[in-house]
Amino acid sequence: MNWTDRDEAVFEQLEEWRQSFLEYEATDFENSIDKWMDKAFSLLPEELQTQFFSKLDNWLFHMNSLLRESRIQEEAGNRIMTAARAFHPAVGSLEDLKSLSIDQLTFMAEQHAARHRLYSLAQGGMAGSGRKVFAASDYLALMVINLRAIQVIAMTFGNPVQSPKGLLETLKVYHVATMPERLKMFGWEELMDDLNKKDEEFYFDVPDPLSDHTWIDEPLKQLFKLGLITSISRKKEKLPLLAMAVGAGVNYRTTRKVTDFAIKYYQYKHLWEKSGETG
C-alpha cells in the first residue's frame, strides 16, 4: 500500500522528532547523576542487581497483563470501535482500523491521551491533598494510568494487546517513554529492531532486561515530588493548594510525555507497516 502525501508529511515530522534524540546533549548535572548512579550501583553485588531488576520486570509485565484483561480495557476497546465508525461505518475489528488515515487514527489517539492526562492530573492533585493513602499509592496509580494509556493508544492504531507480542510491546514502549532524554535514542533503536521480528521470535527470544539502574531517574523524580509534597503539606492547611498543584503538575507532565511518545511510536509503526518496508 502506497503512502499518501499526508503520510509522507507525518513521516518527515517523525524523522525530525527522532533526530532530536541524536542531537540531545546531556547537561553537566545529568552527567553527574549518571556517574553517581554508576558508582552507587557498583557497590551492590551484580547478582543482587540482576534479581532486583528481573523481579521488577516480572512485576511490570504481570501488572500490564492484568490491565489488558480488565473490564475497563474492554470498554475502551468498544469506545474505540464506536469512534472509528464515525469515520468509516464498515470498521468491525481492530485490524480494520488500519484502513483509516493517519490523521483519523491520531485524532482518536489524542482524545484517549487527553483523557488519561486528566486522570493523571486528578491523581496528582489527590496525592498532594495531604491524605497519606493517596500519596503512598501515587506512583503505582500513575504507572497504571500510563500503562493503560499506552494500551489504549496501541489499540487505536489497530494493534491488539491481547497477544504476548502486543503486551510486551506496550511494556517496552512504556519503558522507553520513561527513559531519560539522553538515553531515548538507544531505546528507540531497540523498538525499531523489534518491528522486524516475527511474533514467535519477538516473544520466545531470550529478552534483554528492560529495567536497569539507568531507568531509575523516573522513580527518583517521583520520590522527590512526594518529598516536596510532604514538606509543603506539613503546614497547617486544610487544603494544601501548593502541594496539590505540584502533584498534579508533575503527574500531568509525566503522562503527557508518555502518551506523546506512544502516539509517535504507533504512528511510525502504522506507516512502517503500510509501506511494507523495514524503515
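Modeller: Contact here means heavy atoms within 4.5 Å, and helices (H or I, at least four residues) and strands (E, at least two) are DSSP runs, numbered from the N terminus. This is a predicted model, in which local features need pLDDT of at least 70 and side-chain atom pairs count only at pLDDT 80 or more, while totals for chains, interfaces and linings use all residues. Residues are numbered from 1 along each chain as its sequence is written, and side-chain values use heavy atoms, with hydrogens and water left out.

Colleague: How many helices does the protein chain have?

Modeller: Read along the sequence, the protein chain follows the pattern α-α-α-α-α-α-α-α-α-α-α-α-α. Its secondary structure comprises 0 strands, and the number of helices is 13.

Colleague: Which residues of H10 does H9 meet?

Modeller: The axes (lines fitted to C-alpha atoms, for helices over the stretch in contact, with angles from 0 to 180 degrees between N-to-C directions) of helix H9, residues 164-177, and helix H10, residues 184-195, come within 9 Å and cross at roughly 165 degrees. H9 and H10 are therefore roughly antiparallel to each other, a term for angles over 145 degrees. From H9, the residues Glu 169, Lys 172, Val 173, Val 176 and Ala 177 take part, and in H10 they meet Lys 184, Gly 187, Trp 188, Leu 191, Asp 194 and Leu 195.

Colleague: Is His 112 buried or exposed?

Modeller: His 112 lies in helix H6, residues 102-127, and, not counting residues up to four places away in sequence, His 112 touches Ile 80, Val 152 and Thr 156. The C-alpha atoms of His 112 and Thr 156 are 8.8 Å apart in space, although 44 residues separate the two in sequence. Buried means under 20% relative accessible area, exposed over 50% and partly exposed in between, with a 1.4 Å probe and protein chains only. Because its relative accessibility is 7%, His 112 counts as buried.

Colleague: What is the relative accessible area of Arg 256?

Modeller: Arg 256 is found in helix H13, residues 241-275, and its C-alpha atom is separated by 9.2 Å from that of Ser 120, 136 residues away along the chain. Arg 256 is classed as partly exposed, with a relative accessible area of 43%.

Colleague: Across the protein chain, what percentage of contacts between residues at least 6 apart in sequence join residues at least 24 apart?

Modeller: Of the 279 residues of the protein chain, 44% count as buried. For contacts between residues at least 6 apart in sequence, the share that joins residues at least 24 apart is 78%.

Definitions and conventions
Angles under 35 degrees count as roughly parallel, over 145 as roughly antiparallel, 65 to 115 as roughly perpendicular and the rest as oblique.
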